[in-house]
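Hello,

I am passing a structure on to you, with some notes on what turned up in it. Please have a look at it below, then read on.

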Amino acid sequence: MRPSALPALLSISLLVTATSNVALAQGAPGKGAAPPKSDEASEHFRAGVGFYKDRDFPAAMVEFKRAYELAPNYRVLYNLGQTARELRDYAAALTAFERYLREGGSEVPPARRKDVQTSVDELKKKVGKLKVTTSVAGAEISVDDQPVGVSPLAEAITLNVGKHKLSATLSGHTPAQRVVEVAGSTEDAVTLDLPKIEKVDPLPPGVVDPPKEPVTPAKTATPRSVWIMGGV
């Protein structure tokens, strides 16, 4: 195990107790709202901690995500960031850490805030930003076959360094696709063109297609019989 991973493990283990009542972060449910699923969220969180200790980071990511979906708590974002970094998904790690600091606010201890901010500064060097626009509004944009939103996007997309496949689709328009390279600490822009599919106008009412003349098959010549007459 890397020395830097030990503090992360300790921090994650300590968060199990902190999030045992994870539903409290949601506040009081509104009238008619379903009761918070604190027990189920806590189970997934503990499962994620177990997978993290076993260095099964893909499984840990799944469990932490499910815990956050069931009962959003900013503390879980720290775990998501740590796990994403172990998976070398630097873009996901950066997004999780930034949300952790933003949503945690003054509740994040100063020492932890400083540590996470250091991680954020390091991760920004390992990702790039891409501003994706389309020739028409309302197109569904995907990156590496994963939907990211509908154009126009509110902000640039944070991506890991490397090649990425961009695509955009909109009914009545030709789909667009493009492969781009993203470098670290950069912000580029790309526009996807979706030409409109031209429709063939139907015939006006009362107008019918002219009848086609029947094709008469060509006559084949009948071979004449050849009579051979013999005489004595």
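**Backbone and sheet notes**

Arg55 counts as partly exposed because its relative accessibility is 38% (buried means under 20% relative accessible area, exposed over 50%, partly exposed in between, with a 1.4 Å probe and protein chains only). This is a predicted model, where local features need pLDDT of at least 70, side-chain atom pairs count only at pLDDT 80 or more, and totals for chains, interfaces and linings use all residues. Residues are numbered from 1 along each chain as its sequence is written, and side-chain values use heavy atoms, leaving out hydrogens and water.

Arg55 sits in the loop between α2 (38–53) and α3 (57–70); helices (H or I, at least four residues) and strands (E, at least two) are DSSP runs, numbered from the N terminus. Phi of Arg55 is positive, near 60 degrees. Arg88, in the loop between α4 (74–86) and α5 (90–104), also has a phi near 60 degrees, and at 63% relative accessibility Arg88 counts as exposed. Most residues other than glycine have a negative phi, and most peptide bonds are trans.

Ser151 and Pro152 are joined by a cis peptide bond, with omega about 0 degrees. Pro152 lies in the loop between β3 (146–150) and β4 (157–160).

Now the sheet: three strands form an open sheet, ordered β4-β1-β7, with mixed pairing (two strands pair if DSSP finds at least two bridges between them). β4 and β7 (187–192) are the edge strands, each pairing on one side only. Strand β1 (residues 127–134) pairs with β4 in the antiparallel sense over four bridges, and Lys129 stands opposite Thr158 in β4.

Best wishes
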